[in-house]
Amino acid sequence: SEPMPERTGGPLFHVVWDRRYGGDLQGVEEKLDELAELGVTAIYFNPLFEAKSNHKYDCADYMKIDPHFGTNEEFKAFVDDAHARGIRIILDIVYNHCGNAHWAFTDAVAKGQESDTYDWFEFKRWPLPTDWRNEKPEDYYACWWGFGDLPDLNFDLGRRAPEESNVRDKSTVRVNEPLMAHLKEVTEYWIGTMDCDGVRLDVANEVPFWFWVDFNNWVKTVKPDAYIVGEIWGNASDWIGPTLFDATMNYAFFRDPVLKFLGQGRGTAREFDRSLAAGRNAYPSQSVAVMMNLLGSHDTVRFREQVGGDLNKVKLAMLFGMTYVGAPHIYYGDEIGMLGGKDPDCRRPFRWNWEEDPERVELHGLIRTLARARAEHTSLRRGSFTTLAADGSVFVYLRELEGERILVALNAGKATGAVDLAAPLRDASGVDLVTGDTVNLNGLTLPPESGIAVVLR
């Protein structure tokens, strides 16, 4: 019911290029009302640009929507329809490399140094072989992790990859001006003409720092409130700031600790608290508030798969994500508890018959309720965060803003957990954020692997 796409013996990510499982812009547009009902306020798309693969990280034309998905005109109409429902659109853009079917690369291969785009790439040997069976593409041109169908873009004519990646001072760079002009045109087209609301930047750490300063200026000049989020798997403090990225995909300080403590029951609440605090202290408060807090992505084993299929642990993690500091992110299908192993198994087609499974319906309903609560309670979006207790497997915290206080208590253990609060909270009461029931915090206990969020009176 959730088939895994076949894969080839080719490069990382690559699935059979002529095997598709459907899915286009029209299909997403038909589901916009359902997404809005779920509480979605932004859609982050994996690459939509024309490419020969299924994953589309091998762009053939940055200025064109892949025909499998639709046309540029249809995409613009889709963006307008999404905006009408309060949903913003985030594009996945890869500026570290393109695909070997990109028009600039094919022109360079055909004409060599006579091509206007020859210097857009870092060729090491010429001419290229006509038979690649005993050859390595990386011996002839720079390419992502040695995969020949992903040629690197050449930003600095004075340095070879990967030395150019750590350069911050643009004054020391022989800037590849024609390439920069094209990427500027691309950026302004999608943020300006097509009215997209932000970008997710693939393998951002493999692109020069100085380039991201220019990119930030291009984006913010066209749309000051556009969202720039980089794919950085570790501490991204070097990339976060007003001249670079607004946020990062928060693997290091959200997904990893959540999976370990809430998902797999490893470690203590105190260790969990320290891991979270490290993330909040690593970045400016403005960025902490918009961190892309994800439980999984197209690059990871699905969260439910990693917790042994236990939906209670999925619910616990979702409760935390919807009440923690930052922007909760749901990888498609996680809202209905989809399974999926290592890539590409984590990219299975969506399970459209999910409403036939009561457990999946219950999970979907919980997420819808939590998303609505987050929209209704400003303290969950912009409030302060205070740890109240971190004892064994029990973690308790408070979100507070302008007199509104929401207490959240989580028990990641396999035994009943007692919530011991200091006065006057111990004698307080409130309303359960999910069920609407009245809750007395005096003597509050939590069943194994469960949590509760209470709006205090």
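These legends go with several close-up views of a predicted model. Local features need pLDDT of at least 70 and side-chain atom pairs count only at pLDDT 80 or more, while totals for chains, interfaces and linings use all residues. Numbering starts from 1 along each chain as its sequence is written, and side-chain values use heavy atoms, with hydrogens and water left out.

**View 1. A parallel open sheet.** Five strands line up as E1-E4-E5-E6-E7 (strands are DSSP runs of E, at least two residues; helices are runs of H or I, at least four; both are numbered from the N terminus). Pairing takes at least two DSSP bridges between two strands. Strand E1 (42-45) and strand E7 (247-248) sit at the edges, each pairing on one side only. In the E5 (198-201) and E6 (227-230) pair there are four bridges, and Arg200 stands opposite Val229 in E6.

**View 2. Helix H5, residues 177-193.** Its 17 residues reach 23 Å from first C-alpha to last, close to the 24 Å expected at 1.5 Å a residue (that is, 1.5 Å times one less than the number of residues). Just after H5, look for Asp195, with a positive phi of about 65°.

**View 3. Phe320 and the largest nonpolar core.** This core has 114 residues (buried Ala, Val, Leu, Ile, Met, Phe, Trp, Tyr and Cys joined through side-chain atoms within 4.5 Å). Helix H11 (311-323) gives the largest share, eight residues. Phe320 touches (heavy atoms within 4.5 Å) Phe254, Leu276 and Phe395, among others, not counting residues up to four places away in sequence.

Technical notes
Buried < 20%, exposed > 50% of the residue type's maximum accessible area, 1.4 Å probe, protein only.
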